[in-house]
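Hi,

Here is the structure I promised to pass on.

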Amino acid sequence: MESGTPYSPLAASEPLKYQESDLKSEEMIINVGPQHPATHGVLRLEVISDGEIVKDVVPHVGYLHRCFEKHAESLAYNQVIPYTDRMDYVAAMNNEWAFVMGVEKMLGIDQEIPKRVEYIRVLVTELNRLASHFVSIGTYGLDIGAITPFLWMMRDREHILRMLEWASGARMLYNYIWVGGLFYDLPVGFEERAKEFVDYVKPKLSEVETLLISNKIFIERTANVGVLPLDLAVNYGITGPMLRASGLKFDLRKVDGYSVYPEIAFEVPMGKGEMGAVGDCWDRNWVRYKECLESVRIIEQCVEKLLGEHKRTRAFDPREKVPKKIRPKAQDLYVRAENPKGELGFFFRADGRSDQPFRCKARGPSFSNLSVLPEIAKGCMVADLFAIVGSLDLLMGEVDR
Amino acid sequence: MKFEQIKELIQSEYSDAILGEDENSSPNALIIKAESLHQVCEILHANENTYFDQLSCLSGIDNGAETGTMEIVYNLYSIPHNLHLMLKVKIDRSKPSMDSVSDIWKTADWHEREAFDLYGIHFNNHPDLRRILLPEDWEGFPLRKDYVEQEKYHDVIIKWKMDNN
């Protein structure tokens, strides 16, 4: 703020990092967001540009801060689950599961969960992973000017949302996975519907591949843009499809092998730089597309198990292992799970005296994934900046928590 | 490399850095002296047998006004060796400060800003220590156990009482 400018509450609460005096001649500060269709939510970018060249980007976050960690400290463990839904709200099942897994580990019941429950958990989270990747791929097309794929992906995502609504009663924020079990068994006919959906979505995915991923215009627009080298990615704590796109075969479902994932066959796709350099925007989207195919494979196997080996019985009670009282003994625990966007971690401290966590820190994957943006956007064109922001697959609900 | 070996490795370089270990933690935790944390992290990151290349999580903890301490917990992970390690440091609550590890892991940059924002922990040598989630002119540090929210923020009433209506 220059002296002489009138007091503005905005300048006091959300000041820019750069001052006018920091700029060289011909450089300017452009403010993007917080309300902007290309920022996927309420992300504000302070862009320092010299003509068309981006000199620096400063992300300003916190516009969707809903005090998750403070709330968690005053709520019982099972009451925190709906709050975790609201972090990554397009992949709520995955958030719930990571949280629930942590609490189960603290209680020491993580090995006692019935197999059918575990398979249902894998099924619904993989469905949700598909939905999340559909949003990501669809809106990415939208960001760089392709409207049709977005509509197609939203149409296919609707099938998933309706299925999950059938199971849990809510379209996006489910509260379906409970500590020690599930809210309810799958509705009768869900497995058959999932089978039908798999048959439906397979050709749709190859359509998207022809329409968007291998489209020449799309490739020209994204290949060699926003290249993220592997060493930088690891140093910045990048996880998930972004890390895999940079050329590391690292998937927590394989590495940690939690739940029933060791029993399921699936591949971990990784960026090979087929259209440009390894770790460019095209690679990131291609990895997400490939992961969709793998998720479909996992869903197929789950449905098979749920109709065969672990089929519905009259005696099956999804709440059998749900503890009446959740009071873990005093301990610190860090738990992590593979979310559509990367590693979602929860750090818990239980004091052993109450039903509420003493401290519950959420490590959202988008939070770390966004922090690398200034590094990879430096020196690119302003138009490419939005291609890069879109390829990070940010979800501000998770960055700000 | 086993937990015991990691402990020996740190002790061979800095004999007084480890204050103890916490068996109630998962993954296993070492309690490190606050002054030597940065050096310990440097060894763990550089040694080729540990090579903790990823800082998964950095969390601040407030133990409350009665204890007079705060804690910072570092969750390290080594991708090539598949190793987990938790490091804990205890700091003085009245003037919380800590050496930044953002020169070792860039992840720490934003996580430390978050701890600064919500706990008021000052990180020395941090390149860009500004509030991250809350507005710059917010008063107090919300995740402290004795936090009381301000009455008004830019003429917006924050604490609604029933008789305000």
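Predicted model: local features only at pLDDT ≥ 70, side-chain atom pairs only at ≥ 80, totals over all residues.

Let's start with a pair of helices in chain A. The crossing of α12(A) and α15(A) is left-handed. If you want to find them, α12 of chain A covers residues 281-307 and α15 of chain A covers residues 382-391. Their axes are 9 Å apart, and the packing angle is about 30°. Angles under 35 degrees count as roughly parallel, so α12(A) is roughly parallel to α15(A).

Which residues of α12(A) and α15(A) meet? On the α12(A) side they are Cys281(A), Arg284(A) and Asn285(A), and on the α15(A) side Ala387(A), Ile388(A) and Ser391(A). By type, this contact of α12(A) with α15(A) has three nonpolar residues, two polar ones and one charged one.

Next, the domains. Chain A is assigned two stretches: domain 1 takes in 9-60, and domain 2 takes in 68-400. Between the C-alpha centres of domain 1 of chain A and domain 2 of chain A there are 31 Å. The two do touch, with 15 residues of domain 1 of chain A and 18 residues of domain 2 of chain A taking part in the contact.

On the domain 1 side of chain A, the elements that give two or more residues to this contact are β2 (44-50) and β3 (53-60) of chain A. Of these, β3(A) gives the most, with six residues. That side of domain 1 of chain A, where it touches domain 2 of chain A, is made up of nine nonpolar, four polar and two charged residues.

Finally, the two chains together. Their contact draws 35 residues from chain A and 32 residues from chain B. Sorted by type, the chain B side that touches chain A has 16 nonpolar, ten polar and six charged residues.

How many bridges join β6 of chain A to β2(B)? Two, and the strands run parallel, with β6 of chain A spanning residues 331-339.

Over to you!

Methods:
Residues numbered from 1 in each chain as written. Chains lettered and ligands numbered in written order. Domains from an automatic or database assignment. Contact = placed C-beta atoms within 7 Å. Helix = DSSP H or I, 4+ residues; strand = E, 2+ residues; numbered from the N terminus. Nonpolar A, V, L, I, M, F, W, Y, C, P; charged D, E, K, R; others polar. Axes fitted to C-alpha atoms, helices over the stretch in contact; angles between N-to-C directions. Parallel < 35°, antiparallel > 145°, perpendicular 65-115°, else oblique. Left-handed = near helix turned anticlockwise from the far one by under 90°. Pairing = 2+ DSSP bridges.
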